Amino acid sequence: MSEFQPRSGGSATQTSKLWVVLSGIVGVLLIVGIALGAGFYWGSSSKEQALITANQAATSDASKALQATQMAAPPANADENFQTFWEVWNLVNKEFYHTEPIDEKKMMYGAIRGMLQSLGDDFTGFQEPEAAERSREDMRGNFEGIGAYVEYKDGQIMIVSPIEGSPAEKANVRAGDIVVAVDGKQISEVIANLERDQALAEAIKLIRGPKGSQVVITVYRTSTEKQIDIPIVRDTIPLISVRSTMIGDIGYIQLSEFKQTSYEEMDQAIAKLKPNNPKAIIFDLRNNPGGYVNQAQNILGRFTKDGVTHYQENSDGTQKEYRTLQQGDAQELFDLPVVVLVNGGSASASEIVSGAMQDTKRATLIGEKTFGKGSVQSVHTLSDKSEARITIAHWLTPNKRAIHTLGITPDYVVPFSDDASQYPVECILNRTPADGATACADSQLFWALKFLDEQQTPPPPPTPTITPTPGK
């Protein structure tokens, strides 16, 4: 993703670092790994600084604009606008009944959250220092925990998917599981009356822990309508984003997120596949919540030599064009047919890639409509190591389609099914058959293979039956 140079100027306590990130599914995060959502990357590393330098030219205009505003003095009418705030602050300190000292920092953080929430944007938010530090740990390339993506939905903590090879996956934690309790402590009580970011952070505190320690998570499994206790021994979870294999004579590449090293991992995956002379590629972006914009540009640069990846539209209506990149040891897949698999968990940077591939006819999209995350955020590390995430723009596909809240409809809509009798596929990347089944199954992968192998197109999904309202 495009990053901006850390800002300079001001005192040491005022200096903050800024990166532009393209966020993933709101509320999604790696358990014990990412505090505000997969696709949000908080903090810095030497590799990130190299990426910042490499992309400085592409982001200089926006960088200058943001640098100009960051260290600006308070607005002239600040005293007037904050008069009421300070009146209430003083009333609380003077009159509020309390037997322990009032936590003014907690009050301040609450005020910041309220300010950002008032903007009505799900992707603009605030992260306290402790949660921000957990996220910075993730930037080091691994974390210790159970290894799963979760999201906050309808007041509950829900598993989006376990990370492949993680303790969560080995313990049979499944997508769609609702986390009811952790070591007997009810999640509903822990997150009661908390907003999204706080609820996720509190859930993380319970679930995360050092390698070798055990945690028992209680989940409600929606598919069986049963509550299950799942003991899990925590481990170190490497953040590998790209996996690949051959399925017959077709190359299969799965990208789980657009992280700092994704295009480097992509090059390694392509180099591993090339000696097998694949006749086509299946590029799996399902449940990929997004990540860095420059990674999306680079990933597209492996499939297309040159072209528009997306346009960024700012508040004043101006648009900036972004194009493919070939940083690093760029491996080429320019001439092979490609099918891209997407679903409702494909968001943000995943949608940049799939939208560009669809608009330019470079690939055929198969699966389900994507999430619809068409906004761009900047992340600021503040003086006390807390972090603020601000939506700074929306983006459009190469054909200037706005996908925010709308998503991208695949060329062939194929609802997911794991019915092995209808959609048997090879068990790949450590997958094993479901309980009671003798083969792996995946309707979307099944039809991608049929499309590339036999030029067969999937049937249209069934039309929903509408029952007439009596008397009309």
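1. A disulfide is taken here as a pair of cysteine sulfur atoms within 2.5 Å. By that criterion, a search of the whole structure returns 1 disulfide. Cys427 and Cys440 form the pair, with an S to S distance of 2.0 Å. The S-S torsion of Cys427 and Cys440 is about 110 degrees, so the disulfide is right-handed.

2. The model is predicted: local features need pLDDT of at least 70, side-chain atom pairs count only at pLDDT 80 or more, and totals for chains, interfaces and linings use all residues. Residues are numbered from 1 along each chain as its sequence is written, and side-chain values use heavy atoms, with hydrogens and water left out.

3. Buried means under 20% relative accessible area, exposed over 50%, and partly exposed in between (1.4 Å probe, protein chains only).

4. Among the buried residues of H10 are Asn294, Gln295, Gln297, Asn298 and Arg302. Helices (H or I, at least four residues) and strands (E, at least two) are DSSP runs, numbered from the N terminus.

5. Arg221 belongs to strand E9, residues 214-221. Its relative accessibility is 6%, so Arg221 counts as buried. Leaving aside residues up to four places away in sequence, Arg221 touches Asn172, Val173, Arg174, Asp177, Lys226, Ile228 and Ile230. Contact means heavy atoms within 4.5 Å.
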